[in-house]
Amino acid sequence: MAESLDNVHSELNLDRSVGDFSFAEDYAYDAGVGLNEDVVKYISGVKREDPWILEFRLKALKAFESMKNPTHWASKKLDELDFSKIRFYLAKGAKKTRSWDEVPEDVKKTFERLGVPEQERAFLAGVEAQFDSESAYSNMKSHLEKDGVIFVDSTEGLMKYPEIFRKYFGKVIPISDNKYSALNSAVFSGGSFIYVPKGVKVKQPLQAYFRINAESFGQFERTLIIADEGAELMYMEGCTAPKFETGTLHSAVVELVALKGAKIQYVTVQNWSDNVFNLVTKRGVAEEGAQIRWIDCNIGSGITMKYPAVVLKGRESRGEVISIALANKKQHQDTGAKMMHLADSTTSNIVSKSVSISDGRASYRGMVYMPRGVSKCKNNTVCDALLINSNSRTDTYPAVICSGQNNSVQHEASVSKVSEEQIFYMRQRGLSESEAMSLSVNGFVNDLVREFPMEYSVELRRLIELQMEGSVG
Amino acid sequence: MRGLEIENLTVRVAGRNVVEGLNLKVPAGEVHAIMGPNGTGKSSLSKAIAGHPDYSIAGGRVLLDGEDIVGLAPDAISKKGFFLAFQYPVSIPGVSIANFIRACLNARMPEGEKINPVEYYKELYAKMDELKMDRSFTTRSVNDGFSGGEKKRCDILQMLMLNPKFAILDETDSGLDIDALRIVADGVNSARSPERGMLLITHYHRLLEYVKPDMVHVMSGGRIVKSGGAELAVELEKTGYDFLKD
């Protein structure tokens, strides 16, 4: 397997060396460096937003300024973020297009190198490509449009379809949920707004591609997905950035709403360069009989803090988090899941696997909440960590609150090290030490990699091999 | 000489000699057996030859088709055509047998080349038929949750696919019921060829009822103390290893 995959045509090219390029900057709109009311007003002005949105942003700015970095429980690294040196909004000013030919040349080149257009032709129902702050390209198969599916960026969503999006915008994740959701609420730009009408099942995935091109930049996309009763969709996002000298911030807010009997699957392959702070808030609300699945893979970034959540609001709703984290040299993947069981007979499943390489650190933080008054709820959590080197680190912080009647919670955790006998066995069959290690790690995450769509799983295996190179000796 | 020659070999583990001045020749085309009581260094011998980092070779030579393999990395020794069927095969969760063997074969290809997947599966299935293995077997993770018999079969299948010049089978018969023992024996017999030498390490006579060795050696105290024909195994079965105490 280790061998058989190297020449597989990589359709996403999320490999960091491939993503490590950028074009010269020529932005028509630049909010400058640092954050204050004027910056927020500037962003809102460029977007010609309704006054309620500006109010929302300004309120969020106040909340952000008043909240402390959560370094009392999270990594102290957060204090290295200097908001006065970050650029909060950069845009070319070119209109978003539906045709690749009209996309500005350097932006087009970027996405072509990343393989986005081929992928769209090959297997996607729709694509949105965001370059720094704004969406550069967005397209969807026409039959979906006829079915009433909406797939636009956040600016267009709030402008054109306020009756659909305003109702849920900022409701799943309120402004003051945490410091970074407040920050995003103040300066958000880009991200996808999706609505799938009652009973419509979108067969092929919709995809967004996020690209940071500029140094010292903060990307704050905002995504809101609403699946109406009985609707189904899968959404995928990929992220890359070139490696810069200074830190870059990515702080997204993603809200999902699955109405009665709807199903949403949200797939992420995060491969930011290793000086990106990736601080993301993701949460979904599942109404009666609805299902929300987060399938999340974190390979890149210097520090990631992300704990996808499902609020199980309706009876018999189901939430799931499938999560893979690879923490290589100097990286800290602080990931996990939250399941809030607020109705009877709700079920949740969390499967988390992490691999720590070199001095990399992987942390799992979990929260399973079953308050008094709910009954017949079930949670199952499996949390496995693999350590490659003797200085690798892993931690698990599970929190379980289980009151109420007839609820059941199950938590299994394991930590293992790649055994020398296993490596010797494989080497006896002719594999080099790093091939053996890579195969072993691929095997460890294999059952989860299979949960990703084909195109992603092939790419993931290849990325894991790249990460394992040089991890031995 | 074609085959395996071990000359005056001394193996140290944790500061202690576990094999001391051992000499043995197994020419290509022959099957030899090493027997002996527990703790006489039989398994240490096989691991040392395979290049296990914990078994250091303090003296002597190991020649595979005339070439000294002492000091080479385990994967380099494997690629020279040496195979070891393990006493305790290790599991590799999440990696299917089919993918594992394919990766091992690809590792033998020149840089940038791969084996043809269609040809590969054709050969894999042919070998599995030979070993009377169900097709679904190779979709399972290597040795993961396998019974003792399944593990040994998995190793035998790898041996047939990797087609080594020389193979050592370390206690491949231990822990097998009689049906599984037959399957392993059939595998060993079908791997017999004028091109290939094999060395069976075994505690009991049982396997040798199904695989007739050309020679039997008795190991004790880290060296070979007695050698003879197949009849030696029968004799040992009757008299045991008590003669070693004299």
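Author: Helices (H or I, at least four residues) and strands (E, at least two) are DSSP runs, numbered from the N terminus. This is a predicted model, in which local features need pLDDT of at least 70 and side-chain atom pairs count only at pLDDT 80 or more, while totals for chains, interfaces and linings use all residues. Residues are numbered from 1 along each chain as its sequence is written, and chains are lettered from A and ligands numbered from 1 in the order in which they are written.

Reader: Is A:Ala136 buried or exposed?

Author: A:Ala136 belongs to strand E4 (residues 134–140) of chain A. A residue is buried if 20 or more other C-beta atoms lie within 10 Å of its own, exposed if 12 or fewer, and partly exposed in between, with C-beta atoms placed from the backbone. Because A:Ala136 has 27 other C-beta atoms within 10 Å, it is buried.

Reader: Which element gives the largest share of the side of chain A that touches chain B?

Author: Two residues are in contact if their C-beta atoms, placed from the backbone, lie within 7 Å. The contact takes 22 residues from chain A and 25 residues from chain B. Helix H10 (420–428) and helix H11 (433–449) of chain A each supply at least two residues of chain A's side. The largest share, 8 residues, comes from H11(A).

Reader: How many residues of H10(A) are buried?

Author: Among the buried residues of H10(A) are A:Phe424 and A:Tyr425. Their cover includes H11 of chain A together with elements of chain B, among them helix H1 (42–50) and strand E7 (92–96). H10(A) is mostly covered, and the number buried is 7 of its 9 residues.
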